[in-house]
Each structure stands twice: as C-alpha cells, then as structure tokens.
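The sequence and the structure are shown first.

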Amino acid sequence: MRVGVIGCGAIGSVIVKAARLEGFAEIVALYDKHVEKAQKLAENAFVAKNFDEFIDIDMDVVVEAASQQAVEAYAEKILERADLMMMSVGALANDELLNRIERAAKKNNRRIYLPSGAVAGLDALKSVSSVADEVVLTTRKNPASLKGAPFFDIYGINPNEIKGETLLFEGSARQAVKLFPQNINVAAAVSLAGIGFDRTKVRIIADPKIKTNIHEVRVKGEFGEIVAITNNVPSQQNPKTSYLAALSAVRTLKNIGQRIVVGT
C-alpha cells in the first residue's frame, strides 16, 4: 500500500515511523508547508514543495494530518487520485464541505477513513446511533493544551490566567469545533459516529492541575447507557494532540490492508 502524508507534525511523524518499523505501508510522499519537517522524515520518500508536486505521486491512500484548512483545500483533489484518511475531522462540521467530499468520493469510487482519534467508545456509539436520545462529550484539558483556539480571542479570555477548574464552553458540537478547531476533533468524530453535530452536546473544561487530556462520552437511549472515559497522554511534540490520536491513525491504516477487521 503506497501512502502519502500531508502534515509532518506530531501525528504524521508517528504514522510514518510506524509504517516503516512495522512494514504495513510504504511511505512514498510527504508534504508540509514547513518543508524542513518533511525533510526530517523523508528517507526514501519524495518531499513535495507544494501540493501539485505531492498529488502527482502515485498513491493508494493519502493521510491528512495537517489542519481543517488542508481538508477544505485538498480533500476533493485527493479523492480524484486516491483514498483519503482524514485526521482533521472537525472540518466536516461544515455541511456544504461534507457534501462536496462525499460527492467526490462517490464520483471517483474512493473511500474516506475517519480514525476514532483520541476517544474510546465510537464502535458502540455507531451501533446505537439510530436509537440514542442523548450524547454528551465532556473534555478536560490543561489550558496549555487549548492555547491558540479562537475561543480565547472571541471571549477575551487569557488561558494563562486560568488558575482553577473552569467550564469554558457548553453547547453543540458544531459550535465546539469552530471555537476549538485544533483541540476538539474528538467532538466531530463523536458527532459523525452518533447523532450529528447539532444534537451532540459538548462541555470543555480547562483545569491547570491535570497533565492529561480526558474525554468522557455519555450516551443514553432505549438500549441503556454507555459511558466511555479516555485519559490520554498528550503528544510530546504537540500538547494539543493526544498520543492515542496518532495510534488510532496507525491502526486505521493497518485495517485497510487486513482481511479481518475487528470492531463495528
């Protein structure tokens, strides 16, 4: 399986290194707007200076591990040439973009893979999505893991001044992914697996006393109740990202090439 990677940061690096170590994919092309990041990972892979150079390489799967902006700019063009694995799933809160990407996949007979990321329980949530009445995601992070989110500029809050546990946001998943685009891709994954961006409720809590990223998914319906809590170690390269998100991406790539895939 020939794989190209867009975005050579915390997640992209883990994917590339795992593929080489375990041999489940051949990394043939890398693209990052900071070319030096791609060059550090290159070995035998082609390092593209721009997207046009990147997409000219023959690839079976392209992994997007860059940003919501990258999804908007490149997803449809990628699907003309290869399958797409997308990490910045928050971009799909834009219904118009989601519809365009789905049409492109159908037109070109391609598949889109959305790893579960930094949260557990999505297999069960998918199973009960048609009978779930309520889905609530509560995310707890150290303020340092939330820095740079538009939320702080919009509401005039300095994350450095948060001294105790603080409820920053409570609302729909659609609102959450816009206010915290690099921090809460989990909300998008939960929404897509479950009852949608508008019905899924999200609570974001900043707590300077914790060192991990904690996600609790609570689902209620006629089937009963599901509670899944994930206590994630942040990536050393980027505290906004949980290490589990990168491991989830690696597992998704492995699944593509396997005959038996476990899980819903």
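The model examined here is a predicted one. Apart from neighbours within four places in sequence, the contacts of Gly-9 are Asp-32 and Gln-237. Between Gly-9 and Glu-161 there are 152 residues of sequence separation, and their C-alpha atoms are 28 Å apart in space.

The protein is divided into domain 1, which comprises residues 2-117 + 245-256, and domain 2, which comprises residues 122-237. Taken over C-alpha atoms, the centres of domain 1 and domain 2 are separated by 24 Å. Contact between the two involves 13 residues of domain 1 and 11 residues of domain 2.

About 980 Å² is buried between domain 1 and domain 2, and carbon and sulfur atoms account for 59% of this area. On the side of domain 1, the residues that lose the most area to domain 2 are Gln-68, Val-89 and Ala-93, which together make up 39% of what that side buries. One salt bridge is found across the interface of domain 1 and domain 2.

## The largest pocket

What is the volume of the largest pocket? The value is about 1,100 Å³. Its lining consists of 47 residues, and those nearest the centre of the largest pocket are Ala-65, Ala-66, Ser-67, Gln-182 and Asn-238. Two or more lining residues are supplied by each of helix H1 (10-22), helix H2 (35-41), helix H4 (68-79) and helix H9 (185-193).

By residue class, the lining of the largest pocket contains 21 nonpolar, 19 polar and seven charged residues.

Of the contributions to the lining of the second largest pocket, that of H10 is the greatest, at six residues.

The lining of the second largest pocket divides into 14 nonpolar, eight polar and four charged residues. The second largest pocket lies between domain 1 and domain 2, because both domains give residues to its lining.

## The enclosed cavity

How many cavities of 30 Å³ or more does a search of the whole structure find? The search finds one. The volume of the largest cavity is about 40 Å³.

The largest cavity is lined by Ile-6, Glu-64, Ala-70, Val-71, Tyr-74, Ala-75, Ile-78, Leu-84 and Met-86. H4 and strand E5 (83-86) are the elements that give two or more residues to this lining. H4 provides the largest share of the lining of the largest cavity, namely five residues. In terms of class, the lining of the largest cavity has eight nonpolar residues, no polar residues and one charged residue.

## Salt bridges

The count of salt bridges comes to 13. One of the pairs is Asp-58 with Arg-2, whose closest N and O atoms are 3.8 Å apart. This pair links distant parts of the chain, 56 residues apart: Asp-58 is in the loop between helix H3 (51-55) and strand E4 (61-64), and Arg-2 is in strand E1 (residues 2-6).

A salt bridge is also formed by the side chains of Asp-95 and Arg-174, with an N to O distance of 3.5 Å.

Definitions and conventions. Residues are numbered from 1 along each chain as its sequence is written. This is a predicted model: local features need pLDDT of at least 70, side-chain atom pairs count only at pLDDT 80 or more; totals for chains, interfaces and linings use all residues. Side-chain values use heavy atoms; hydrogens and water are left out. On a 1 Å grid over the protein atoms alone, a cavity is a set of points where a 1.4 Å probe fits but cannot get out, and a pocket is an open set with protein on both sides within 12 Å along at least five of seven lines; lining residues have an atom within 4 Å of a point. Grid points are joined across faces, edges and corners, and a volume is the space filled by probe spheres set on the points. Helices (H or I, at least four residues) and strands (E, at least two) are DSSP runs, numbered from the N terminus. Ala, Val, Leu, Ile, Met, Phe, Trp, Tyr, Cys and Pro count as nonpolar, Asp, Glu, Lys and Arg as charged, and the others, Gly among them, as polar. Domain bounds come from an automatic or database domain assignment. Contact means heavy atoms within 4.5 Å. Buried area is the accessible area (1.4 Å probe) that two parts lose on being put together, summed over both. A salt bridge is a side-chain nitrogen of Lys or Arg within 4 Å of a carboxyl oxygen of Asp or Glu.
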